[in-house]
Amino acid sequence: MTSARSIVSLLPKTCADKDAWNKIISQHKEFRLQSLIIAPHAYSSSYECESRFEWNVWENRLKNPDASTFVAFDSKVAQSAEELKQHKLLEQSWSGMLVLVGPSERAMTSDYSTSISTERKQHDYVCNTFFDFRLNAMFIISEARRSGLGMALIEAAIAHGKTTSEDRGITSTRFTAFVNRENHAAICLYQKAGFKVITEKEDTGVGVDRYARGKPTTLMEMWI
Ligand SMILES: CC(C)(COP(=O)(O)OP(=O)(O)OC[C@H]1O[C@@H](n2cnc3c(N)ncnc32)[C@H](O)[C@@H]1OP(=O)(O)O)[C@@H](O)C(=O)NCCC(=O)NCCS
């Protein structure tokens with residue numbers, strides 16, 4: 001259940017006002033780097049790596065058509081959702097962030113169908129394709145934790161993915177997250193949101209396992 005205190009905004013992919021756009025990029029960069037410093041165990045990337053990124057890397061992250069960046073505010077501080085969305089994105093400090101990557105259109109194979117209910121398998125046999133989204137880079141500042149912001153971000157990302165799928169006539173959608181196996185808080189949060197643990201991977205340094213580099217991870221997924 002989303003807390004009444006949480007407000008979530010989707011960051012724009014561009015902005016006609018150059019100053020405002022540069023501020024959004026800068027705020028996004030600072031927030032991400034802060035997350036890598038405070039919770040290095042939670043991510044496959046590192047502060048040492050990302051602090052060297054050029055400006056255009058940060059700008060392209062926001063412009064990326066396959067990545068949607070959500071930020072959360074504590075409504076104890078913010079005035080109203082509408083005010084925030086329209087005017088105050090840059091005037092309030094961000095309390096949380098989550099990136100939704102996708103969709104990738106995938107063909108239904110036995111790899112993907114192992115965790116799906118029989119009813120959904122029969123349906124997917126007809127549809128044969130689904131959209132795949134990844135939830136990445138979630139971070140809530142320490143003083144705002146346990147007030148529902150993480151859940152509000154996940155709910156906003158899933159609603160966005162669902163709408164994207166529906167708009168394109170796709171009826172099956174998968175959401176995944178790779179979580180450090182020792183990250184009890186994140187695993188509990190995703191489970192509460194409806195995700196299930198699918199596999200546990202050790203680092204092999206290739207392909208999808210790059211998310212596990214040096215950190216054993218749990219793959220979690222949810223289908224809608
Ligand atoms: C994990 C994290 C995102 C949780 O954010 P949050 O805003 O505190 O989570 P919420 O307040 O929405 O919590 C919702 C539910 O998740 C679970 N949860 C959250 N934090 C938890 C914790 N420390 N221990 C156990 N369960 C926890 C609980 O079920 C909670 O519901 P409850 O408060 O009613 O018991 C936050 O702790 C964080 O940013 N950690 C560092 C970065 C990180 O680990 N990112 C995840 C990368 S995969």
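Me: Which residues touch the most other members of the largest nonpolar core?

Reply: Let's start with the idea: a nonpolar core is a set of buried Ala, Val, Leu, Ile, Met, Phe, Trp, Tyr and Cys residues joined through C-beta atoms within 7 Å. Buried means that 20 or more other C-beta atoms lie within 10 Å of a residue's own; 12 or fewer makes it exposed, anything in between partly exposed, and the C-beta atoms are placed from the backbone. Here the largest nonpolar core has 41 residues, and those touching the most other members are Phe70, Ala72, Leu98, Leu135, Leu153 and Ala157. Strand β4 gives the most to this core, with eight residues.

Me: What should I know about the model and its numbering before going on?

Reply: It is a predicted model, in which local features need pLDDT of at least 70 and side-chain atom pairs count only at pLDDT 80 or more, while totals for chains, interfaces and linings use all residues. Residues are numbered from 1 along each chain as its sequence is written.

Me: How many helices and strands are there in the chain?

Reply: Helices (H or I, at least four residues) and strands (E, at least two) are DSSP runs, numbered from the N terminus. This chain has eight helices and seven strands. Buried residues make up 32% of its 224 residues.

Me: Which residues does Ala157 touch?

Reply: Two residues are in contact if their C-beta atoms, placed from the backbone, lie within 7 Å. Leaving out residues up to four places away in sequence, Ala157 touches Phe70, Leu98, Leu100 and Leu135. For the chain, take contacts between residues at least 6 apart in sequence: 72% of them join residues at least 24 apart.

Me: Which residues of α1 are buried?

Reply: An α-helix has 3.6 residues a turn, so residues three or four places apart point the same way. In α1, the buried residues are Ile24, Ile25, His28, Arg32 and Ser35. They cover an arc of only 95° around the axis, which puts them on the same side of α1; the arc is that of the directions from the helix axis to the C-beta atoms. The face turned away from the buried side of α1 carries the exposed residues Lys18, Asp19, Glu30 and Ile37.

Me: What do the buried residues of α1 pack against?

Reply: They pack against α2 (47–50), α3 (55–63), β2 (67–74) and β4.

Me: What span does α7 have between its end C-alpha atoms?

Reply: The expected span of a helix is 1.5 Å times one less than its number of residues. The 19 residues of α7 should span 27 Å, and its end C-alpha atoms are 27 Å apart, which agrees. Buried residues in α7 include Leu149, Gly150, Leu153 and Ala157.

Me: Where does Gly169 lie, relative to α7 and β5?

Reply: Gly169 lies in the loop between them. With 8 C-beta neighbours inside 10 Å, Gly169 counts as exposed.

Me: Which residue other than glycine has a positive phi near 60°?

Reply: Ala137 does. It lies in strand β4 and counts as buried because it has 21 C-beta neighbours inside 10 Å. Arg146, not a glycine, also has a positive phi, of about 60°. Arg146 sits in the loop between β4 and α7 and is exposed, with 10 other C-beta atoms within 10 Å.

Me: Where is the peptide bond that is cis?

Reply: The bond from Gly102 to Pro103 is cis, with omega near 10°. Pro103 is in strand β3.

Me: Which residues are closest to the ligand?

Reply: A residue is near a molecule if its C-beta atom, placed from the backbone, lies within 6 Å of it. Here 21 residues surround the ligand, the closest being Arg145, Gly150, Met151, Ala185 and Cys188. Elements giving two or more residues to this shell are β4 (129–140), α7 (149–167), β5 (173–180) and α8 (184–193). The largest share, six residues, comes from α8.

Me: How do the residues of that shell divide into nonpolar, polar and charged?

Reply: Ala, Val, Leu, Ile, Met, Phe, Trp, Tyr, Cys and Pro count as nonpolar, Asp, Glu, Lys and Arg as charged, and the others, Gly among them, as polar. By that scheme the shell around the ligand has 13 nonpolar, five polar and three charged residues.
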